[in-house]
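My notes follow below the picture.

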Amino acid sequence: MCRLFCVFSAASLFLTSCQSSTRNDAPKTVDEANPIQIVVTTSMIADLAAVIGAPFVDVKGLMGPNVDPHLYKASEGDVRLMTGADLVLYSGLHLEGKMVDIFEQMEQRGQKVYALTNALAPEDLRESALFVGNHDPHVWFDVTLWAKVAKRVGELLIEYDPSHAEQYTANLEAYLLQLEELNSWIYTEIERIPENRRVLVTSHDAFGYFGRRYGMEVRGLQGLSTASEAGTADVQNLATFVADRKIPSMFVEASISPRGIEAVLAAVRDRGFEVQIGGTLYGDALGSPGTNADSYLGMVRENVRLIADGLIGEQ
Ligand SMILES: [Zn+2]
């Protein structure tokens, strides 16, 4: 309870300190020299907003490459950026678990703050076994769900700036085609993996939607959030599973310490089965600029390549 209260107080303090900046809610004239100022949380959303809004948006992402959104706390500078923005876009479903109070307060103050996963229908969402009544927030690894989120971004941009509706619609349609292509490519890649090896063992449960859509069993060591650490029993249970099923590769994640999966690796080898680390997957953040995973499309492609290569193994 104290923790909740402290977070709440910190958020109030930040917002109070920003109250002097008066908001001008009259719609502004948007053009390339005066783009819509958008502040977003994750790098996946930053990529999406920049693609759909080009060239009339200036997107600032709070969480850079390889940052863990479950643990991210907004700085005073972040709150100032959000308060000064025309639109604030975040993922929602408690992905940004330490920022919930800040979003709520901004919304109450009349700021345009949107949780993009609100665009998804209840049947799109996976229940969370960990928190009753909550849903798995990692929707982006089902490309068809990310397409719905992309459409929502398009709607929000058109609502804010109807004068460029045609441009936003054209950007969106072009991007939806790329997403469709990506979606079919993933099915083809996963089908290359022998059926009994279509099991994805990773640091935390970021790939539940991926598994549901593309037909893979998913075992995460840490559960849906990285906020709680895995215990010895979790490590031993997962090791027994990997050894029994003879899963050739497990995966670590770029935004999470590899220690947990390394402990599982040692425990599997103790059971006499030679498992490998198949590589580092991008879970909750894009890769650094200049890498193959610095866009959403690239991130998903990189992951799927690693998964297929790691699990096909010797036939
Ligand atoms: Zn996560």
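I began with Q37, whose bridge partner in β2 is D58. A reminder to myself: this is a predicted model. The two strands involved, β1 (residues 36-40) and β2 (residues 57-61), pair in the parallel sense over five bridges. Further along, V40 has G61 as its bridge partner in β2.

Next I looked to the other neighbour of β1. Strand β3 (residues 87-90) pairs with β1 in the parallel sense over three bridges. Here I found V40 again, with L89 as its bridge partner in β3.

How covered is β1? I found the strand mostly covered, with four of its five residues buried.

I wanted to know where the side chains of β2 point. In a regular strand they alternate between the two faces of the sheet. In β2, V57, V59 and G61 point to one face and are buried.

How does the chain get from β1 to β2? I traced it through helix α2 (residues 43-53), and the three elements make a right-handed β-α-β unit. In the loop between α2 and β2 I came across P55. A cis peptide bond joins A54 to P55, with omega at about 0°. I marked this one because most peptide bonds are trans.

Two more backbone spots went on my list. Most residues other than glycine have a negative phi. N66 is not a glycine, yet its phi is positive, at about 60°. I found N66 in the loop between β2 and α3. L93, also not a glycine, has a positive phi of about 55°. L93 is in the loop between β3 and α4 (100-108).

Are these two residues buried or exposed? N66 has 19 C-beta neighbours inside 10 Å, so I put it down as partly exposed. A residue needs 20 or more to be buried. L93 has 22 other C-beta atoms within 10 Å and is therefore buried.

On to the helices. In α3 (residues 76-83) I listed V79, M82 and T83 as buried. Seen down the axis of α3, the buried residues fall within an arc of 100°, so they line one face of the helix.

My last stop was the pair α8 (residues 232-245) and α9 (residues 259-270). How do their axes meet? They come within 8 Å and cross at roughly 55°. That angle makes α8 oblique to α9. As for the hand, α8 passes α9 in a right-handed crossing.

How values were computed. Residues are numbered from 1 along each chain as its sequence is written. This is a predicted model: local features need pLDDT of at least 70, side-chain atom pairs count only at pLDDT 80 or more; totals for chains, interfaces and linings use all residues. A residue is buried if 20 or more other C-beta atoms lie within 10 Å of its own, exposed if 12 or fewer, and partly exposed in between; C-beta atoms are placed from the backbone. The arc is that of the directions from the helix axis to the C-beta atoms. Two strands pair if DSSP finds at least two bridges between them. A crossover is right-handed if, with the strands pointing away from the viewer, the path from the first strand over the helix to the second runs clockwise. Axes are lines fitted to C-alpha atoms, for helices over the stretch in contact, and angles run from 0 to 180 degrees between N-to-C directions. Angles under 35 degrees count as roughly parallel, over 145 as roughly antiparallel, 65 to 115 as roughly perpendicular and the rest as oblique. A crossing is left-handed if the near helix is turned anticlockwise from the far one by less than a right angle, and right-handed if clockwise.
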